[in-house]
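Me: Please take a close look at one part of this model, giving the cut-offs behind each term as you go.

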Amino acid sequence: MLKVEVIGKNGFQPSKANEEYAAKKLAKLEAFFEDEPNLQARVVCKVYPTYHKVEITVPTKKAILRSEVMEKDIYAAIDCSIDKLMKQVRKYKTKFRDKTGKEAVKEVAALAEASVEAEFDKPKVVRDKTLELEPMTKEEAIDQMELLGHDFFVYLDKNTHKTNVIYLRDDGDYAVIETKTK
């Protein structure tokens, strides 16, 4: 039986309706993990001025499944977060099945694949893009990123002459991924 723990943060107090809704939606996962009798899910709900954030973590024997979604409505955030988890379950079960070849796992994976495949298409590359990188500082890269309205920006660092990625974090700060060649 799946045990669901709903936690509120940033001033959000989960109601009984929130807890029941999350438990009802997460019950879908039980079918995929019949071999795990003590399956637990932790649902963290946070409230911000313009959106709600839901983080769901489900530790299993072989992996930790986790999803994080931001939506205007708490119920929409729960739904989208569970949809993400279902995609992960499908990938996880398929990979696990392919590596082990066990019949029991194949049956669960087939069940997961059938139900999830109907809901989701496999992601595909729909566009390739070529960038001409101009040397710039982090500050200039942030300005360019904000002008474009993106949450990340690829640039050539003026000092190191290496390709970097600067991105906007969920907390509103920026972070830089610096590249290094072997």
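Reply: Lys61 counts as exposed, because its relative accessibility is 58%, where exposed means over 50% relative accessible area, buried under 20% and partly exposed in between, with a 1.4 Å probe and protein chains only. This is a predicted model, in which local features need pLDDT of at least 70 and side-chain atom pairs count only at pLDDT 80 or more, while totals for chains, interfaces and linings use all residues. Residues are numbered from 1 along each chain as its sequence is written, and side-chain values use heavy atoms, with hydrogens and water left out.

Lys61 sits in the loop between β3 (52–59) and β4 (64–71), strands being DSSP runs of E with at least two residues and helices runs of H or I with at least four, both numbered from the N terminus. Leaving aside residues up to four places away in sequence, Lys61 touches Asp35 and Glu36, a contact meaning heavy atoms within 4.5 Å. For Asp35, the separation along the chain from Lys61 is 26 residues, and their C-alpha atoms are 9.4 Å apart.
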